[in-house]
Amino acid sequence: MELIQVDILALTQSRPSESGAFALVLGEVEGNRRLPIIIGVFEAQAIALELEKVQPPRPMTHDLLRDLMVETGSEVLDVIIDELREGTFFAKIRFSHDGQEASLDARPSDAVALAVRFDAAIFVAPSVLNDAGIPMEEEESESATSEKLGRRLSPKEDMERLLNAAIEQEDYEEAARLRDALAVLRGEQR
């Protein structure tokens, strides 16, 4: 099966009225389709922190998994979003260990969070992109794309929204972690 390579284009709040829902927007490297995938607040945080190269004071789950893989001599080769069933996306993490290749089932959000930590390619099955992709006109600007898919947030805005969502959900431990990560993004000492 011929896979389609995509890049991360945006991480946006899915709907202003829904706290905790974000859209990870992937775009074809050699095409004009966009693939929005709804993900949770914690997965959005994991992806945003790595994209901005923000080092939290303690390893997050995806950092721990990366470190474990590195310690055992494993490496993520790529990530494949290979199925869409009843509105749910499915993914695989392809990795190598001792010269052998294998794959693990994963949620796309976790697979992408790990892919950014290994600088691994992200692919989508053609059937998934045909079913859920949003074609964009060639002349449409990035701002028009952002308007269609939701306004693109800067990493700082992402963190601020994640912090507000954690406070609204009364998850004060997570709010404290986000506050500290936001301080790092702002260049403040904590």
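The side chains of E83 and R85 meet in a salt bridge, with 2.7 Å from N to O. E83 is partly exposed at a relative accessible area of 30%, and R85 is partly exposed as well, at 42%. Elsewhere, salt bridges with shared partners join D63, R66, D67 and R117 into one network. The model described here is a predicted one.

**Salt bridges**

The structure holds 11 salt bridges in total. In general terms, side chains of opposite charge can pair when their charged atoms come close.

| Pair | N to O distance |
|---|---|
| E83 and R85 | 2.7 Å |
| D63 and R66 | 3.7 Å |
| R66 and D67 | 3.1 Å |

D63 and R66 belong to helix α2 (residues 61–71); because they are three residues apart in this helix, about one helical turn separates them. Both D63 and R66 are buried. For R66 the relative accessibility is 17%, so it counts as buried, the limit being under 20%. D67, by contrast, is partly exposed, with a relative accessible area of 34%.

**The chain as a whole**

The chain has 190 residues, of which 44% count as buried. Its secondary structure consists of seven helices and eight strands. Among contacts with a separation of 6 or more, 52% are between residues 24 or more positions apart. The chain exposes about 10,600 Å², and carbon and sulfur atoms supply 47% of that area.

**The sheet**

Eight strands form an open sheet with mixed pairing, in the order β6-β5-β4-β7-β1-β2-β3-β8. Its edge strands are β6 (100–106) and β8 (134–135), each of which pairs on one side only.

Strand β3 (residues 33–40) pairs with β8 in the antiparallel sense over two bridges. At this pairing R34 stands opposite I134 of β8. β3 also pairs with β2 in the antiparallel sense, over seven bridges, and a hairpin of four residues joins β2 to β3. Within this second pairing, G40 in β3 is the bridge partner of A21.

Helix α3 lies across β1 (4–13), β2 (21–28), β3, β4 (74–85), β5 (88–97), β6 and β7 (121–124). The helix runs at about 150° to β4.

In soluble globular proteins, nonpolar side chains tend to be buried together. The largest nonpolar core of this model has 41 residues, and those with the most contacts inside it are L26, L35, I39 and I81. Helix α3 (residues 108–118) gives the most to this core, with seven residues.

L35 illustrates how such a residue is surrounded. Leaving aside residues up to four places away in sequence, L35 touches L24, V25 and L26, together with F89, V124, V128, L129, A132 and G133.

**Helix α1**

Helix α1 (residues 41–51) is mostly covered, with nine of its 11 residues buried. Just after α1, K53 takes a positive phi of about 55°.

Technical notes:
Residues numbered from 1 in each chain as written. Predicted model: local features only at pLDDT ≥ 70, side-chain atom pairs only at ≥ 80, totals over all residues. Heavy atoms only, no water. Buried < 20%, exposed > 50% of the residue type's maximum accessible area, 1.4 Å probe, protein only. Contact = heavy atoms within 4.5 Å. Areas by Shrake-Rupley, 256 points an atom, 1.4 Å probe, with all protein chains shown as cover. Core = buried A, V, L, I, M, F, W, Y, C linked by side-chain atoms within 4.5 Å. Pairing = 2+ DSSP bridges. Axes fitted to C-alpha atoms, helices over the stretch in contact; angles between N-to-C directions. Salt bridge = Lys/Arg side-chain N within 4 Å of Asp/Glu carboxyl O.
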